[in-house]
Amino acid sequence: MDIIIRSARIGDEEAIANVHITAWQVAYKQFMSHEYLSSLSVAERTDSWKNTLRNPGNGKYLIAKVSGVIRGFAVYGPARDEDLDETVSELVALNIHPDSWRIKLGSSLLSAVIENVSQEQYKSINLWVINGNTPAIKLYENFGFKHTGHSKIDNSHSGNPIHEIRYSKSLR
Amino acid sequence: MNQPIIKTERLLLKSFVLADGPEVQKLAGNQNVSRTTLNIPYPYEDGMAEQWISTHSENWANKKSAAFAIRLISGHELIGDVSLIEIHDKQAELGYWIGEPYWGKGYCTEAAKALVQYARHEMGIDKIVAEHLSANPASGRVMEKIGMNHVCSTRKIDRYGNQAAIEIYEITST
């Protein structure tokens, strides 16, 4: 069972959308409403990913394939928070299909992201994680991320307010 | 765009970094390793490995070649190289070497098989050729184990300017 981690490209959009939605429906069920999660459409998300991959902007996109099938993706780029400068990068998303949670695919993808940003101008990498998302927080802490003390309420995803906390890891 | 990372049961294939230079020099500079190949220089002098590694990112970006450091997942130590060179028109040449301390464990077969799969399924390469010195049948066994077919025996000029007998293998997508 080989694992491949490579940059995402046009043609990956449907498989990424499928991972994206399945991962959210399982990982976020205690944080987002059932109505919202079950309303997510692979077709709509595929269109949005196609658009993203065509116009990536500052974002970078990695996918992870297990036995030839895309089972995870990561999005990273320059930090978006206004209090941070250009030396800070941000892991914007890291989603793994639930069928691949037990094979440490998240660790493999996170290692690749950290290696890639370390080769750029960045001195640290930040991320926002849902407060209480224990498996994700455990993964980030294993990689040396530390809670910065910042938190925010994000209303943009599901209608439900989501309490997120910021983590940071030094790259030097 | 960065090179991919390929993870097999025991191995991690990823791009070399300049800091690998001394280890490459030590492993590939071992005459027992270089004499099994046509191309590895001997003696392997200071700076040669770094010079070689410094060409990789541009060659990857231009789709000319793809060199992968082979590392053990356990311990992360560098054990060898597996590469695609002369990439053009959906064809490429496969090459590899493994450091002597790591011979006889099937690492080369595991790495080459994974890279050939990547080339076929992710890079759209449908014909891969490889050659080995006739005097080094172990390399031919790797080619056979990963499904390559023997095409012919021929001769080529080696690093010393001598005629060397070589065997040519290939694998094509069906």
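Which elements of chain B cover the buried residues of H1(B)? The cover includes helix H2 (31-34), helix H3 (48-54), strand E4 (78-88) and strand E5 (91-98) of chain B.

## Model and conventions

This is a predicted model, in which local features need pLDDT of at least 70 and side-chain atom pairs count only at pLDDT 80 or more, while totals for chains, interfaces and linings use all residues. Residues are numbered from 1 along each chain as its sequence is written, and chains are lettered from A and ligands numbered from 1 in the order in which they are written.

The predictor gives the complex an ipTM of 0.90 and a pTM of 0.93. For chain B the mean pLDDT (the predictor's confidence in each residue, from 0 to 100) is 95, and 99% of the residues reach 70 or more.

## Overall form of chain B

Chain B has 6 helices and 8 strands. Helices (H or I, at least four residues) and strands (E, at least two) are DSSP runs, numbered from the N terminus. Their order from the N terminus is β-β-α-α-α-α-β-β-β-α-β-α-β-β.

The C-alpha trace of chain B spans about 40 × 35 × 30 Å along its principal axes. A compact globule with 174 residues would have a radius of gyration near 16 Å, and the 15 Å of chain B agrees with this. That radius is taken over C-alpha atoms, and the globule rule is 2.2 Å times the number of residues to the power 0.38. Of the 174 residues of chain B, 36% count as buried; a buried residue has 20 or more other C-beta atoms within 10 Å of its own, an exposed one 12 or fewer, and a partly exposed one a number in between, with C-beta atoms placed from the backbone. Among contacts in chain B with a separation of 6 or more, 55% come from residues 24 or more positions apart. Two residues are in contact if their C-beta atoms, placed from the backbone, lie within 7 Å.

## Helix H1 of chain B

Helix H1 (residues 21-28) of chain B has B:Val24, B:Leu27 and B:Ala28 as its buried residues. Seen down the axis of H1(B), these fall within an arc of 85°, so they line one face of the helix. The arc is that of the directions from the helix axis to the C-beta atoms.

Strand E1 (residues 5-7) of chain B and E2(B) run antiparallel, joined by 2 bridges; two strands pair if DSSP finds at least two bridges between them. A hairpin of 3 residues connects E1(B) to E2(B), and B:Lys7 has B:Leu12 as its bridge partner in E2(B). E2(B) also pairs with strand E3 (residues 66-72) of chain B, in the antiparallel sense over 4 bridges. There B:Leu11 stands opposite B:Leu72 in E3(B).

## Contact between chains A and B

Chain A gives 10 residues to the contact and chain B gives 12 residues. On the side of chain A that touches chain B, strand E1 (3-7) and helix H4 (105-118) of chain A are the elements that give two or more residues. The largest share of that side, 5 residues, comes from E1(A).

E1(A) and E1(B) pair in the antiparallel sense over 3 bridges. The bridge partner of A:Ile5 in E1(B) is B:Ile5.
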